[in-house]
Amino acid sequence: MPLRILIVDDSPAARFMLREFIESNGHQVVAEEENLEGTLRAYVQHKPDVVTLDLSLARGDGLSVLKALRKLDGGAKVLVSSGNSQNKVVDDLYAAGASGFLAKP
């Protein structure tokens, strides 16, 4: 069953690559956003199955977006990615409700 996915990343190139990967694997990207406000609007509008979230955003940070999504929907499935995979960072993400973590190379 295809998943409906919301991509949150401030890099257009990263969003493009992620969209290509997601769609080539039979899933649907319902929206792409780059900040907290847009993400919350898109989440309410599209009710995605999964949100992919970059931890570092130009306007704001992924941890704040994660917390806001979990407050909006306690069952939100959020997969966070970051180049910072220090134990403290990953622990904080899981404590805030991340469903998973992917370390960027």
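**Salt bridges in the predicted model**

Glu23 is found in helix H1, which spans residues 12-24; helices (H or I, at least four residues) and strands (E, at least two) are DSSP runs, numbered from the N terminus. The model is a predicted one, in which local features need pLDDT of at least 70 and side-chain atom pairs count only at pLDDT 80 or more, whereas totals for chains, interfaces and linings use all residues. Residues are numbered from 1 along each chain as its sequence is written, and side-chain values use heavy atoms, with hydrogens and water left out.

With a relative accessible area of 37%, Glu23 is partly exposed, a term that covers the range between buried (under 20% relative accessible area) and exposed (over 50%), for a 1.4 Å probe and protein chains only. Between the C-alpha atoms of Glu23 and Glu34, which are 11 residues apart along the chain, the separation is 19 Å.

The structure holds 8 salt bridges, each defined as a side-chain nitrogen of Lys or Arg within 4 Å of a carboxyl oxygen of Asp or Glu. One of them joins Arg19 to Glu32, with the closest N and O atoms 2.5 Å apart. Because Arg19 lies in helix H1 and Glu32 in strand E2 (residues 28-33), this pair ties together parts that are 13 residues apart in sequence. Both partners are partly exposed, Arg19 with a relative accessible area of 23% and Glu32 with one of 28%.

A salt bridge is also formed between Glu37 and Arg59, whose closest N and O atoms are 3.7 Å apart. This pair links distant parts of the chain, 22 residues apart, since Glu37 belongs to helix H2 (residues 36-46) and Arg59 to the loop between strand E3 (50-54) and helix H3 (62-72). Glu37 counts as partly exposed at 45% relative accessibility, while Arg59, at 54%, counts as exposed.

Within helix H4 (residues 87-95), the side chains of Asp92 and Lys88 meet in a salt bridge with an N to O distance of 3.0 Å. These two residues are 4 residues apart, which is about one turn of the helix. Asp92 is partly exposed, with a relative accessible area of 31%, whereas Lys88 counts as exposed at 56% relative accessibility. Elsewhere, salt bridges that share partners join Arg15, Arg19, Glu23, Glu32 and Glu34 into one network.
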